[in-house]
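Colleague: I am new to this one and would like to know what stands behind the labels. Could you take me through a few of them?

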Amino acid sequence: KWGLYLYSRLEEEDVVLIFEVLNKDRALEGIFSWERDLVNEFAQFLASPPPGGLNFFEDRVIKSLDARVLTFGDPSNIIIGYTIVGGRLIVIATSLEALEEAITRFASGAINL
């Protein structure tokens, strides 16, 4: 299963993509290997054009969860990030705010896939 949500901020709207995880280890392997293409595949959804050249994701803790994020310029300017919520959902979002909100809602059970 998967779902697509829009998160609206004053400045713009962000995309949140959710995938159901059947096997956490395999899901992590898959998304980790997808990192090199993720930015280009999500380019049409990003608020600003993706940076050229090599893109490196970094580890970050967001809402007490291990996450991987790609920043551009300012370290707080996350252009895309992902995490696994509750061991059962991969959440990919095009901003820090959207990622935090999705984590909060899915972790609390306010939204189900």
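Predicted model: local features only at pLDDT ≥ 70, side-chain atom pairs only at ≥ 80, totals over all residues.

Colleague: Why is Lys63 called partly exposed?

Modeller: Lys63 has a relative accessible area of 48%. Buried means under 20% and exposed means over 50%, so with 48% Lys63 falls in between and is called partly exposed.

Colleague: And why does Ser64 count as exposed?

Modeller: The relative accessibility of Ser64 is 71%. The cut-off for exposed is over 50%, so Ser64 counts as exposed.

Colleague: Where does Ser64 lie?

Modeller: Ser64 is in the loop between β3 and β4. Lys63 also has its place in the loop between β3 (58-62) and β4 (65-72).

Colleague: What is the phi of Lys63, and what is the phi of Ser64?

Modeller: For Lys63, phi is near 55°, a positive value in a residue other than glycine. Ser64 is not a glycine either, and its phi is positive at about 65°.

Colleague: Now the largest pocket: how much space lies in it, and which residues are nearest its centre?

Modeller: The space in the largest pocket is about 240 Å³. Its lining has 14 residues, and Leu28, Asp66, Ala67, Arg68 and Thr83 lie nearest the centre. Two or more lining residues come from each of α1 (24-41), β3, β4 and β5 (74-85).

Colleague: How does the lining of the largest pocket divide into nonpolar, polar and charged residues?

Modeller: There are eight nonpolar residues, one polar and five charged in that lining.

Technical notes:
Residues numbered from 1 in each chain as written. Heavy atoms only, no water. Helix = DSSP H or I, 4+ residues; strand = E, 2+ residues; numbered from the N terminus. Buried < 20%, exposed > 50% of the residue type's maximum accessible area, 1.4 Å probe, protein only. 1 Å grid on protein atoms, 1.4 Å probe; cavity = no way out; pocket = protein on both sides within 12 Å on 5 of 7 lines; lining within 4 Å. Points joined across faces, edges and corners; volume = space filled by probe spheres on them. Nonpolar A, V, L, I, M, F, W, Y, C, P; charged D, E, K, R; others polar.
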